[in-house]
Each structure stands twice: as C-alpha cells, then as structure tokens.
Amino acid sequence: MQLASDADNLPSREQIRRWVAAALEHAAEITVRIVDAEEAQTLNQDYRDKDYVPNVLTFEYGEIAPGILGGDVVICAPVVEREAREQGKPLKDHYAHMTVHGVLHLQGYDHIDPADADIMELREAVILRRFRIPNPYLSFPDENGVRQ
C-alpha cells in the first residue's frame, strides 16, 4: 500500500487489504497506490496513450512466481472523491469498488465486451455485498436524487 496523495479521508491500509483479499481468486503480490490527478494522468498517458485522469489503473505483470500473480492497482483520489459525490455514495464504498475493480482486472476480468462487462460487474457486486456495499451499478441517483 502506497499513499501518494494529500487527499483527506483515504481508506486505511487494513481496509484496502480486506478489499484486495476479498477480490483475489489467485495468490498475488499487489501494490495498491493512491495518487493525485497529475500522477494518474501521467501514467494513463505514458502506458495507455490516453490523455485524461482515470479513476483506477491496473498494471498486470502476469505470474511473478509459479502460481503468483503480480501487479499494481493505482487509484486516483480526486477522481474517486468526485465520482462518489456525483453518484451520491459514501466515499469509502467507492474506494472499495475501485479497489475490487482494479484487482479483478489484474486477474483477467474486463468490461470491453458487454458479456464480459456483465460477468465483471456481477463479480464486483458479489464481493462488495460482503462489506454491505450496494451494487455500484444499480445505485446511481436519478436526476431527482432517487437511487435506482
């Protein structure tokens, strides 16, 4: 766990560890790094050739030892804070979602194809439910602030 952000209300190392452990289906060595917008945008530009600030990036290193996956999950604090506010959800819940989302990517889950997105989103919802966090794909407020 690396904290490279000055943001307030960051999750604790223990919370991050619990969320990572819940999402793991394989043995893994993962670094979770919480960063500010500038670092997230630089990483996104340098490694994905995309010029915007993402909420989460995953860098998969494959098997770093027999049966052990390696990788980094980089979470952008300002984007997570903004999204949580816009979506009307607790900040901690959104950090949990982004952590689980990144760890699933590390294990090969993806959401480019709609069928794969359905599988990944269902897996995320099941994992988050263990922490009493509502399905993030069903809990966006509508234009009147009512949760869907």
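User: Leaving aside its neighbours within four places in sequence, which residues is Ser5 in contact with?

Analyst: Happy to start there, and please keep in mind that this is a predicted model. Ser5 sits in the loop between strand E1 (2-4) and H1. Once its neighbours within four places in sequence are set aside, the contacts of Ser5 are Leu10, Ile34, Val35, Asp36 and Ala77.

User: Is Ser5 buried or exposed?

Analyst: Buried means a relative accessible area under 20%. Ser5 has a value of 11%, so Ser5 is buried.

User: Which side chain makes a polar contact with the side chain of Ser5?

Analyst: Ser5 is in contact with several residues, including Asp36. A polar contact joins the two side chains at 2.6 Å, and the partner of Ser5 is Asp36.

User: Where is Gln15 found, and is Gln15 buried or exposed?

Analyst: Gln15 belongs to helix H1 (residues 13-23). The cut-off for buried is under 20% relative accessible area. Gln15 has 19%, so this helix residue counts as buried.

User: What backbone atom lies 2.8 Å from a polar atom of the side chain of Gln15?

Analyst: Gln15 is in helix H1, and a polar atom of its side chain has a backbone atom at 2.8 Å. That atom is the backbone nitrogen of Ser12.

User: Which residues have the most contacts inside the largest nonpolar core?

Analyst: In soluble globular proteins, nonpolar side chains tend to be buried together. Here the largest nonpolar core has 24 residues. The ones with the most contacts inside this core are Ile75, Tyr95 and Val100.

User: Which element provides the largest share of this core?

Analyst: Two or more residues come from each of H1, strand E2 (27-35), strand E4 (68-76), H3, H4 and helix H5 (114-129). The largest share is six residues, and the element that gives them is H4.

User: What does Ile75 touch, not counting residues up to four places away in sequence?

Analyst: Ile75 is among the residues with the most contacts inside the largest nonpolar core. Not counting residues up to four places away in sequence, Ile75 touches Val32, Arg33, Ile34, Val35, Asn55, Val56, Val80, Tyr95, Met98 and Thr99.

User: How far apart in space are Val56 and Ser5, C-alpha to C-alpha?

Analyst: Val56 is a residue of strand E3, and Ser5 is in the loop between E1 and H1. In sequence, 51 residues separate Val56 and Ser5. In space, C-alpha to C-alpha, the distance is 14 Å.

User: Why does Val56 count as buried?

Analyst: A residue is buried when its relative accessible area is under 20%. Val56 counts as buried because its relative accessibility is 13%.

User: Which residues are closest to the centre of the largest pocket?

Analyst: The largest pocket has a volume of about 270 Å³. Of the 14 residues that line this pocket, those closest to its centre are Arg48, Val56, Leu57, Thr58 and His105.

User: Which element gives the most to the lining of the largest pocket?

Analyst: At least two lining residues come from each of E3 and helix H4 (91-106). By class, the lining has five nonpolar, six polar and three charged residues. With four residues, the element that gives the most is E3.

User: Which element gives the most to the lining of the second largest pocket?

Analyst: This pocket has a volume of about 190 Å³. Of its 14 lining residues, Asn55, His97, Met98, His101 and Tyr137 lie nearest the centre. Helix H3 (77-87) and H4 each supply at least two lining residues. The element that gives the most, with four residues, is H4.

User: What is the phi of Asn9?

Analyst: Most residues other than glycine have a negative phi. Asn9 is in the loop between E1 and H1, and is exposed at 63% relative accessible area. Although Asn9 is not a glycine, its phi is positive, at about 60°.

User: And what value is the phi of Asp49 near?

Analyst: Asp49 lies in the loop between H2 and E3. Its relative accessibility is 62%, so Asp49 counts as exposed. Asp49 is a residue other than glycine with a positive phi, near 55°.

Note on methods:
Residues are numbered from 1 along each chain as its sequence is written. This is a predicted model: local features need pLDDT of at least 70, side-chain atom pairs count only at pLDDT 80 or more; totals for chains, interfaces and linings use all residues. Side-chain values use heavy atoms; hydrogens and water are left out. Buried means under 20% relative accessible area, exposed over 50%, partly exposed in between (1.4 Å probe, protein chains only). A polar contact is a pair of N or O atoms within 3.5 Å; within protein, one must be able to donate a hydrogen and the other to accept it, and residues adjacent in sequence count only if both atoms are side-chain atoms. Contact means heavy atoms within 4.5 Å. On a 1 Å grid over the protein atoms alone, a cavity is a set of points where a 1.4 Å probe fits but cannot get out, and a pocket is an open set with protein on both sides within 12 Å along at least five of seven lines; lining residues have an atom within 4 Å of a point. Grid points are joined across faces, edges and corners, and a volume is the space filled by probe spheres set on the points. Ala, Val, Leu, Ile, Met, Phe, Trp, Tyr, Cys and Pro count as nonpolar, Asp, Glu, Lys and Arg as charged, and the others, Gly among them, as polar. A nonpolar core is a set of buried Ala, Val, Leu, Ile, Met, Phe, Trp, Tyr and Cys residues joined through side-chain atoms within 4.5 Å.
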